[in-house]
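Biologist: I am new to this one. Could you show me the model and take my questions in turn?

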Amino acid sequence: MDYYEHIIDLVGDTPLVKLNSLTEGLEPLVLAKVEYLNPGGSVKDRIALRMVEAAEASGELRPGGTIVEPTSGNTGVGLAMVAQQRGYRCVFVCPDKVSEDKRNALKAYGAEVVVCPTAVPPEHDDSYYKVSDRLATEIEGAWKPNQYVNPANPASHYETTGPEIWQQTEGRITHFVTGVGTGGTISGTGNYLKEISRGRVQVIGADPEGSVYSGGTGRPYLVEGVGEDFWPETYDRNVADEIIPISDADSFDFTRRLAREEGLLVGGSCGMAVAAALELAARCGPEDVIVVLLPDGGRGYLTKVFNDSWMSSYGFLPPDSTGATLGDVL
Ligand code: PMP
């Protein structure tokens, strides 16, 4: 019989899929690494598994322990899934701006969710940073993964994402493009690809305009999961050959086009990474092989990027593009 012992065994080994329509007129082969095919639906399953394994090995996380992390998104889902398998309790702390759907997804895996007010500064006792710190010290057997500091985050990509891409392209990859949030993906994957290719592979970060990685101060942008207003320890400042800033408008435009023109229903940071990959592709030749990593799926963004009214309210679509169309009536 052909089966897996647990859903966790399906983390990683995601496929590369060629982009066909968006790349029309461009010479290089552009391949998307489709991370929403991980069992928790995002690239973060990789770091969740590796961070838990490392904490078990070091003794920081013991049987019956509790995982406490300020997260509302993909990392929470990955951690909750691993915790389910291994019998850990999960307590996630998130600001109240996080949608109920996202909180319910975490609860569905058996996690507890503590909601904190968004409208308080980070140093306030009720801020979600402070509350998660307090819970981590108060709960007996608590362990905080802290994905922004934890070396197992980039290590998971050095050990899995990098080697997978090298093998899948038979060493022919010339450029790796990815968004930067904690910096774990670009640092781990980028350093592996640079080492194995003896510096031949170029590593390109995609960053929301205004974030620190592309020289900004952290000015607000709408694309989720990428860009920062501080420099995380998990980001290796020497890994990127280039950082390409991308506007929210372009990120969302390409996100929507990925669904319509490539059949890839993915999140906003994927559109951002693809926008950067295509900008790069326009400067490359027919021998080049560009791999762009798509971190998550689009289901979590149906009320935002894929909602015409939401898009119009921010000026990304003209106001008259909303409302019923002939297609809705028929
Ligand atoms: N896109 C999304 C949707 C994410 O959740 C993340 C993780 N914060 C990233 C991109 C960036 O990945 P990394 O943290 O490895 O830089």
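This is a predicted model: local features need pLDDT of at least 70, side-chain atom pairs count only at pLDDT 80 or more; totals for chains, interfaces and linings use all residues.

Biologist: How many helices and strands does the protein chain have, and why does it count as being as compact as a globular protein of its length?

Modeller: The protein chain has ten strands and ten helices. For 330 residues, the globule rule gives 20 Å, and the chain is close to that, so it is as compact as a globular protein of that length. Its radius of gyration is 20 Å.

Biologist: What share of the protein chain is buried?

Modeller: A residue needs 20 or more other C-beta atoms within 10 Å of its own to be buried. The chain has 330 residues, and the share that passes is 47%.

Biologist: Among contacts between residues at least 6 apart in sequence, what share joins residues at least 24 apart?

Modeller: Start with the contacts in the protein chain between residues at least 6 apart in sequence. Then keep those that join residues at least 24 apart. That share is 67%.

Biologist: Strand S4 is joined to strand S5; what is the handedness of the crossover between them?

Modeller: S4 covers residues 89-95 and S5 covers residues 112-116. They run parallel, joined by five bridges; Val 93 has Val 114 in S5 as its bridge partner. From S4 the chain passes through helix H3, residues 100-108, to reach S5. This β-α-β crossover is right-handed.

Biologist: Asn 146 has a positive phi; where is Asn 146 found, and is it buried or exposed or in between?

Modeller: Asn 146 is not a glycine, yet its phi is near 45°. It sits in the loop between strand S6 (142-143) and helix H5 (152-168). Because 18 other C-beta atoms lie within 10 Å, Asn 146 is partly exposed.

Biologist: Arg 198 has a positive phi as well; is Arg 198 buried or exposed?

Modeller: Phi of Arg 198 is near 50°, in a residue other than glycine. Its place is the loop between helix H6 (184-196) and strand S8 (202-208). Inside 10 Å it has 7 C-beta neighbours, so Arg 198 counts as exposed.

Notes
Residues are numbered from 1 along each chain as its sequence is written. Helices (H or I, at least four residues) and strands (E, at least two) are DSSP runs, numbered from the N terminus. The radius of gyration is taken over C-alpha atoms; the globule rule is 2.2 Å times the number of residues to the power 0.38. A residue is buried if 20 or more other C-beta atoms lie within 10 Å of its own, exposed if 12 or fewer, and partly exposed in between; C-beta atoms are placed from the backbone. Two residues are in contact if their C-beta atoms, placed from the backbone, lie within 7 Å. Two strands pair if DSSP finds at least two bridges between them. A crossover is right-handed if, with the strands pointing away from the viewer, the path from the first strand over the helix to the second runs clockwise.
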